[in-house]
Amino acid sequence: MHNTILQQFRPLPSNIHPQPQHTRQSHLSYLQGLALSRCDLSGADLSCADLTRTRFVGAKMVGTILHEATIEQCEFFHADLTDADLTLADLAGADLSTCSLLRTQLEKCSLVGAKLAGADLRSCRMRDADFS
């Protein structure tokens with residue numbers, strides 16, 4: 001019985017090469033510079049995405065996963081990032097003014113030049129975040 005099953009699996013011919021697996025980042029790189037204002041992205045997994053210069057004004061992003069995402073120079077006025085995961089994200093130059101970062105994970109992320117005036121940072125985790 002094992003021989004019958006194994007006979008079904010033959011090596012690929014030498015002229016056929018398996019397609020490389022794309023990384024998550026390559027699938028999401030097209031999100032750069034978009035206007036996603038007032039969109040509901042709650043619970044979305046945008047890990048490793050390059051979102052440089054994307055506008056999230058008034059966006060609902062509750063529980064959104066942005067782990068290791070590039071979020072440089074983005075606008076988050078009045079956005080709701082409650083319970084979001086931005087661990088290891090690059091938020092350099094991002095405008096997070098007046099947005100909700102309630103219980104958001106910002107551990108080991110870069111916040112160099114980020115604007116946080118009026119942001120709700122209650123219960124936010126910022127261990128090892130870089131503000132320099």
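Is Arg127 buried or exposed? In this predicted model, where residues are numbered from 1 along each chain as its sequence is written, local features need pLDDT of at least 70, side-chain atom pairs count only at pLDDT 80 or more, and totals for chains, interfaces and linings use all residues. Side-chain values rest on heavy atoms, with hydrogens and water left out. Arg127 counts as exposed, at 56% relative accessibility, where exposed means over 50% relative accessible area, buried under 20%, and partly exposed in between (1.4 Å probe, protein chains only).

The chain holds two helices and zero strands; these are DSSP runs, numbered from the N terminus, of H or I with at least four residues for helices and of E with at least two for strands. Of the 132 residues, 36% are buried.

Four salt bridges are found in the whole structure, each defined as a side-chain nitrogen of Lys or Arg within 4 Å of a carboxyl oxygen of Asp or Glu. One of them joins Arg55 and Glu75, at 2.8 Å from N to O. Arg55 and Glu75 both lie in the segment after helix H2 (24-28), so the pair ties together parts that are 20 residues apart in sequence. Arg55 is partly exposed, with a relative accessible area of 37%, and Glu75 is likewise partly exposed, at 27%.

Arg127 takes part in another salt bridge, with Glu107, and the closest N and O atoms are 3.8 Å apart. Glu107 counts as buried, at 18% relative accessibility. A further salt bridge links Arg122 to Asp120 at 2.7 Å, N to O; Arg122 is exposed, with a relative accessible area of 54%.
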